[in-house]
Amino acid sequence: MDVPLPHLDRPFDYLVPEALDADARPGVRVKVRFAGQLVDGWLLERAESSEHPKLAYLEKVVSPVPVLSPEVARLARAVADRYAGSLADVLRLAVPPRHARAEKAVTTDTPPTDEPAPGGTEPDGSPTDGTAPADGTAPADGTAPADGTAPGGVPSDSADAGARPGGRAEVDPRGWRDYPAGPALLRALTDGRPARAVWSALPGEDWADRYADAVAATVAGGRGAVVVVADARDLDRLDAALTAVLGAGRHVRLAAADGPARRYRAFLTARTGGVDVVIGTRAAMFAPVRRLGLVAIWDDGDDLHAEPRAPYPHARDVLLTRAQLGDIAAVVGGYARTAEAQLLVETGWAREVVADRAVVRARTPAMAPTGDDPQLARDPGAASARLPSLAWTTARDALRADLPVLVQVPRRGYVPSVACADCRAPARCPHCAGPLALPSAQGTPACRWCGRVAAAYACPECGGRRLRASVTGARRTAEELGRAFPGVPVRTSGREEVLATVPGGAGLVIATPGAEPVAEGGYGAVLLLDSWALLTRADLRAGEEALRRWMAAAALARPGPAGGRVVVVADGALAPVQALLRWDSAWFAARELAERRELGFPPAVRMASVTGAAEAVADLLAGARLPGDAEVLGPVPADEGRERMLVRVPRSRAAAMAEALHAAAGQRSARKAADPVRLQVDPLTLF
């Protein structure tokens, strides 16, 4: 039942009246009477009998369309158990709200079906019962088969294997040839083997084309694919690439931002088997694709992949769970590598797909930090200057060569944070203590939280009335650089206005992370400013996130031999800066993972966050039968006067921890406890 109460997270038996017998199929939406009220529910299965002597009847079949496939239902249950959540919460994320008009348009001629292919085999010749084919492909446990395939399902060399089994056409590897294991990955996808890969993309790589090649190889093998990206801009790139490779109408895009009708229409098109490929944002991670052969995610470190609604699943983990349950291929790709992806490589669950160092050096732009000793010797002010001389001369040289320049700044707005000009105390709102910001050069300071204007602000520490910028935003940066380079066009790209592409020719582009447009032929120079704002965040993933954002921007520059240069305003001795200069995110990810193992942080361990009022948190933990080796840490302050406790267990005990916390939450909901408690397993933010 679609009831958000943990103690009701179980199936219930109902009788099916004769009038509803034809429509009451597994997977349909229904209405049932529970506790005197009509509630929504999902019909999971039909049975001949029940252990319960007295049953109520189904009240209504909302729609005869079985929108919940057995594979997605199984996945939803696994995700709920993984994140200490309820099945109803996961199904709310997995199946979009019903739109009757879209449903009628899609299902009139192609009703959903879960029947296997004729003859008991899939189109590629593999059995439909989920068993491994007897042709030497990788088994589900990840052990190496007899044909020399590595644990991740990707052959250990890239030699041409000749014709594919069954006479299938081999997809041209094109750009995948730059990676020694790339062509072997495509062959494994065409053959229907459960290849698992962690892909580190080269600078300047058209990742959308590479994913389109991987999807085309999967489709050539008679299977479908699901690809998840972080935002609408990436989705548009992948949409165009797939249309060019597969042709129009061969895939659908699934994103919550597309609106309820379009989203539901795309969902039903996939559910009815109208297409074999679904791409989208995190809304697509549960897409019902028949004969699924590949799940893939791009830039898994982006926080947009984390679902903000209960039970707070991460798209990467949902797709990996799906790959494990279905014994299918998985690709985790990005310019930078996360600690979670590195763990997949180190445990042997996946193989890394990387380029040789000679290729990396040829494709990487020339990079330089501003905080190392040689630069400080030439420019002593580089340690404190926002735009050191090296960055300024690099931008000037690129503009003189009629090449565009990208400037990445971590904050949007004009001056998003101000301080007292006399004592340097942060300026806070007198009403809510929120940070004050300046909207423009002549603007009046206003609170970023409550929006109140603080025209007569006086510093409570020293009484001063003058303000200075403590953080500079993208619009102020554009204004400053416009004065530094008169006559040069200046464009901004951020949350308010995202530029997709930039035409060739000289010009300055000021962008916040994630909003960097693509320049025709690549940028002549990329400047990474205000690195301290990323590196000094009180966050476990501060270094990893800084490297991810820097590499995404640096990847848009021209190669070094073609004149591309990248300047990062930071100390070159810092580990994230070193990883950027060498374009070696795998080294940094291995270092991060080793440090987290030593300190006991995810993903080396599993950690749950329990947030709520102090009494409610203590009540839940007191009733939880946690594993004996569980550690309870805290409390630490949370938002709005609440507190947070952390529960840490080894990865092998993660299921037991999630089950114990979910059961304790069920006990509290059964007692109708007043204060809510939020449970999150492996949240992105711990402190």
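I began with Val3, which is found in the segment before strand E1 (29-34); strands (E, at least two residues) and helices (H or I, at least four) are DSSP runs numbered from the N terminus. The model is a predicted one, in which local features need pLDDT of at least 70, side-chain atom pairs count only at pLDDT 80 or more, and totals for chains, interfaces and linings use all residues. Residues are numbered from 1 along each chain as its sequence is written, and side-chain values use heavy atoms, with hydrogens and water left out.

Val3 and Gly41 lie 38 residues apart in sequence and 8.4 Å apart in space, C-alpha to C-alpha.

I then turned to the sheet, which is open, has three strands in the order E2-E1-E3 and pairs in the antiparallel sense, where pairing requires at least two DSSP bridges between two strands. Its edge strands, E2 (37-42) and E3 (58-63), each pair on one side only. E1 and E2 are joined by six bridges in the antiparallel sense, and I found Lys31 opposite Asp40 in E2.

Last, I checked helix H16 (residues 575-582), whose buried residues are Ala575, Pro576, Val577, Ala579 and Leu580. Among the elements that these buried residues pack against are strand E11 (366-369) and helix H17 (585-599). Trp583 follows H16 and has a positive phi, near 50°.

Methods
Buried < 20%, exposed > 50% of the residue type's maximum accessible area, 1.4 Å probe, protein only. Contact = heavy atoms within 4.5 Å.
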